[in-house]
Amino acid sequence: MTVEDGETTNRVVEVEFQVDDPRYPLVAVSQRTGCRASLQQILPRSDGTYTVFYRVSDVDPVRVLDVANEDDRLEARLIGASEKEGILEVDVSNVEEFFVVTLTDAGAIPKHMWSANGVAHIVADIPPNRSASDVIDRFSSDHPAVEIVARRQKEYTTPLFSHRELQMAMNKTLTTRQHEALLAAYAGGYFDWPRKKSGEEVAAELGVSSPTFFQHLRRAEQKVLSLLFTEQRTGANRAETNEDAISG
């Protein structure tokens with residue numbers, strides 16, 4: 001990490017992995033249904049398991065749901081769907097086989113994960129305080145079927161962990177139902193103008209009443225805005241502190 005012209009520059013290593021082993025559910029669903037599946041959100045639970053949200057597209061999402069539920073390690077359900085797109089909510093209990101968990105444990109910061117045509121892609125950043133070779137070796141040891149396809153050095157002039165810290169704070173603050181309501185509303189186009197779906201339509205897809213949906217959504221919005229503005233104030237204070245240290 002260096003300071004140049006008053007800005008903090010983070011040099012990280014970006015790595016991309018891919019895997020086509022159908023024993024991994026993310027690979028299997030795209031291989032068997034022809035869908036594109038992309039990771040949207042991860043919600044850790046108090047019992048050590050995870051709830052994962054995927055956006056699936058290009059096929060009937062009900063078909064993807066059926067394939068996912070054939071895997072005894074998963075419990076999947078749709079929380080928002082149209083003819084060719086939907087949000088799949090998946091409860092994952094065997095975290096050792098889940099890419100994001102093992103990659104994070106190895107010391108990397110997952111950025112993107114998606115699957116298409118039977119191939120899953122994982123892109124992650126390795127921060128400067130970690131050995132890229134050690135992280136890659138550990139992840140490869142946990143997942144021997146995965147191969148590394150790209151490794152490149154990048155620079156950031158913004159805090160590397162700000163988005164991750166905000167995401168972690170959201171995971172801790174939002175309840176599962178609030179998280180579902182917010183994600184379903186976003187994915188369904190409720191926040192677009194003009195709106196693609198009404199609140200009543202999103203509520204129906206979630207299988208809850210409109211008042212219940214709006215209660216969860218408004219509470220989630222309130223919490224997210226509170227986190228966002230708190231993060232902005234914290235970031236501004238950090239910047240002032242850095243400027244004082246540099247000028248001093």
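Asp 58 is exposed, its relative accessible area being 51%; with a 1.4 Å probe and protein chains only, residues are classed as buried under 20% relative accessible area, exposed over 50% and partly exposed in between. The structure is a predicted model, in which local features need pLDDT of at least 70 and side-chain atom pairs count only at pLDDT 80 or more, whereas totals for chains, interfaces and linings use all residues. Residues are numbered from 1 along each chain as its sequence is written, and side-chain values use heavy atoms, with hydrogens and water left out.

Asp 58 has a phi near 80°, a positive value in a residue other than glycine. Asp 58 belongs to the loop between S4 and helix H2 (61–68), where helices (H or I, at least four residues) and strands (E, at least two) are DSSP runs numbered from the N terminus. A positive phi is also found at Asn 117, near 55° and again in a residue other than glycine. This residue occupies the loop between S7 and S8, and Asn 117 is exposed at 72% relative accessible area. A further backbone feature is the cis peptide bond from Trp 193 to Pro 194, with omega near 0°. Pro 194 is placed in the loop between helix H6 (176–187) and helix H7 (199–206). Most residues other than glycine have a negative phi, and most peptide bonds are trans.

Strand S3 (residues 36–44) pairs with strand S4 (residues 50–57) in the antiparallel sense, over 8 bridges; pairing requires that DSSP find at least two bridges between the strands. Within this pair, Ser 38 stands opposite Arg 55 of S4. S3 also pairs with strand S7 (residues 109–116), in the antiparallel sense and over 3 bridges, and here Ala 37 faces Ser 115 in S7.

Side chains of opposite charge can pair when their charged atoms come close. Salt bridges, taken as a side-chain nitrogen of Lys or Arg within 4 Å of a carboxyl oxygen of Asp or Glu, number 16 in the model. Arg 77 and Glu 89 form one of them, with an N to O distance of 3.0 Å. Because Arg 77 lies in strand S5 (residues 74–81) and Glu 89 in strand S6 (residues 85–92), the pair ties together parts that are 12 residues apart in sequence. Arg 77 is partly exposed, at 26% relative accessible area, whereas Glu 89 is buried, at 0%. Asp 71 and Arg 73 are likewise joined by a salt bridge, their closest N and O atoms lying 2.7 Å apart; Asp 71 is buried at 18% relative accessibility and Arg 73 is partly exposed at 28%. In the salt bridge between Asp 192 and Lys 196 the N to O distance is 3.6 Å. Asp 192 is partly exposed, with 32% relative accessibility, and Lys 196 is exposed, with 64%.

A network of salt bridges links Glu 14, Glu 16, Lys 111, Asp 125, Arg 152 and Lys 154. Of these residues, Asp 125 is located in strand S8 (residues 119–126) and is buried, at 4% relative accessibility. The C-alpha atom of Asp 125 is separated by 9.9 Å from that of His 112, 13 residues away along the chain.

Aromatic pairs, in which ring centres of Phe, Tyr and Trp (its six-membered ring) lie within 6.5 Å and planes count as stacked under 30 degrees, edge-to-face over 60 and tilted otherwise, come to 7. Phe 17, Tyr 24, Phe 99 and Phe 139 are joined by ring pairs into a cluster. Arg 195 lies over the face of Tyr 190, at 4.0 Å from the ring centre; this assignment requires NZ of Lys or CZ of Arg within 6 Å of the ring centre and within 35 degrees of the ring normal.

In soluble globular proteins, nonpolar side chains tend to be buried together. A nonpolar core is defined as a set of buried Ala, Val, Leu, Ile, Met, Phe, Trp, Tyr and Cys residues joined through side-chain atoms within 4.5 Å. The largest such core has 41 residues, of which Phe 17, Leu 88, Phe 98, Phe 99 and Ile 126 touch the most other members. Helix H3 (residues 99–106) supplies the largest share of this core, 5 residues. Another core lies apart from it and has 19 residues, including Ile 79, Met 170, Ala 184 and Ala 187. With neighbours within four places in sequence left aside, Phe 98 is in contact with Ile 42, Val 52, Tyr 54, Val 92 and His 143, contact being defined as heavy atoms within 4.5 Å.
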